[in-house]
Amino acid sequence: HLALNFTVVDGELAFTPFFFGSNPGEIKEGAKKGMRIIIDEEDLAFKLVNSLDDAQKKTALFKSEAFADIVSSNAPHVTPLEATGILLGDMNNDQKNLVNKIMVAYLSSMPQRLANMRMKLVATEDKNEIRFGWAGGLVKGVTHYYRIQGKTFLIEFDNTQNNANHIHMVWRDFNGDYGEDLLKEHYQHDHQH
């Protein structure tokens with residue numbers, strides 16, 4: 001599955017939301033057995049959640065069962081979800097680095113200029129407002145969901161359908177989906193009477 005949205009206003013570009021899916025997440029038989037399309041976004045998240053100590057897990061694991069799908073769905077406008085999960089500030093440096101690697105994995109499918117632009121915005125956020133939350137199983141083959149949420153963005157990942165072999169992942173911007181922020185600025189600046 002693939003859904004990409006690009007909005008260009010006065011030479012500026014917005015590229016969220018973007019959504020990827022893979023069904024199956026891993027080919028289980030045949031000549032391409034073992035092949036996976038979405039790898040880092042899942043493997044790095046498993047590495048992160050399983051690196052958490054018991055106290056960290058108590059905060060990060062906010063639901064014992066995974067959601068059936070992406071919580072933000074395909075809503076035209078998304079607002080922040082419940083502030084749940086562990087704060088970046090409560091992670092060690094290796095764990096923070098894994099969060100960063102997960103975000104880079106999401107953005108790696110974008111042109112480098114766009115990915116760099118988005119990471120610069122993330123870098124301006126207060127790290128104490130970015131959270132990593134997990135729901136469901138802690139091993140592959142068991143339904144699982146995670147999200148990384150900051151003040152301006154939301155990343156969601158689920159692998160819950162077809163016996164945890166059908167992946168959905170999305171990046172949403174609270175103020176910039178579908179170029180909303182660019183369009184608002186354009187209308188305020190260029191269309192005043």
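In strand β9 (residues 153-159), F153, I155, F157 and N159 point one way, L154, E156 and D158 point the other way, and all are buried. Strands here are DSSP runs of E with at least two residues, helices are runs of H or I with at least four, and both are numbered from the N terminus. Buried means under 20% relative accessible area, exposed means over 50%, and partly exposed lies in between (1.4 Å probe, protein chains only). In a regular strand the side chains alternate between the two faces of the sheet. Strand β9 is thus mostly covered, with seven of its seven residues buried.

The model is predicted: local features need pLDDT of at least 70, side-chain atom pairs count only at pLDDT 80 or more, and totals for chains, interfaces and linings use all residues. Residues are numbered from 1 along each chain as its sequence is written, and side-chain values use heavy atoms, with hydrogens and water left out.

The protein has five helices and ten strands. Of its 193 residues, 46% are buried. Contact means heavy atoms within 4.5 Å. Among contacts with a separation of 6 or more, 64% involve residues 24 or more positions apart.

Strand β9 has partners on both sides of the pairing list. Two strands pair if DSSP finds at least two bridges between them. Strands β8 and β9 run antiparallel and are joined by six bridges. They form a hairpin, with three residues between them. Y146 has F157 of β9 as its bridge partner. Strands β9 and β10 also run antiparallel, over seven bridges. Six bridges pair β7 with β8 (residues 144-149) in the antiparallel sense. In this pairing, F132 stands opposite I148 of β8. Strand β6 (residues 86-87) also runs antiparallel to β7, with two bridges. The bridge partner of I86 in β7 is F132. Strand β5 (residues 61-63) pairs with β7 in the parallel sense, over two bridges. There, K63 has A135 as its bridge partner.

The second largest pocket has a volume of about 200 Å³. Its lining holds twelve residues, and F19, S73, N74, V170 and R172 lie nearest its centre. The elements that give two or more residues to this lining are β4 (18-22) and β10 (167-173). On a 1 Å grid over the protein atoms alone, a pocket is an open set of points with protein on both sides within 12 Å along at least five of seven lines, and lining residues have an atom within 4 Å of a point. Grid points are joined across faces, edges and corners, and a volume is the space filled by probe spheres set on the points.

Conventions. 1 Å grid on protein atoms, 1.4 Å probe; cavity = no way out; pocket = protein on both sides within 12 Å on 5 of 7 lines; lining within 4 Å.
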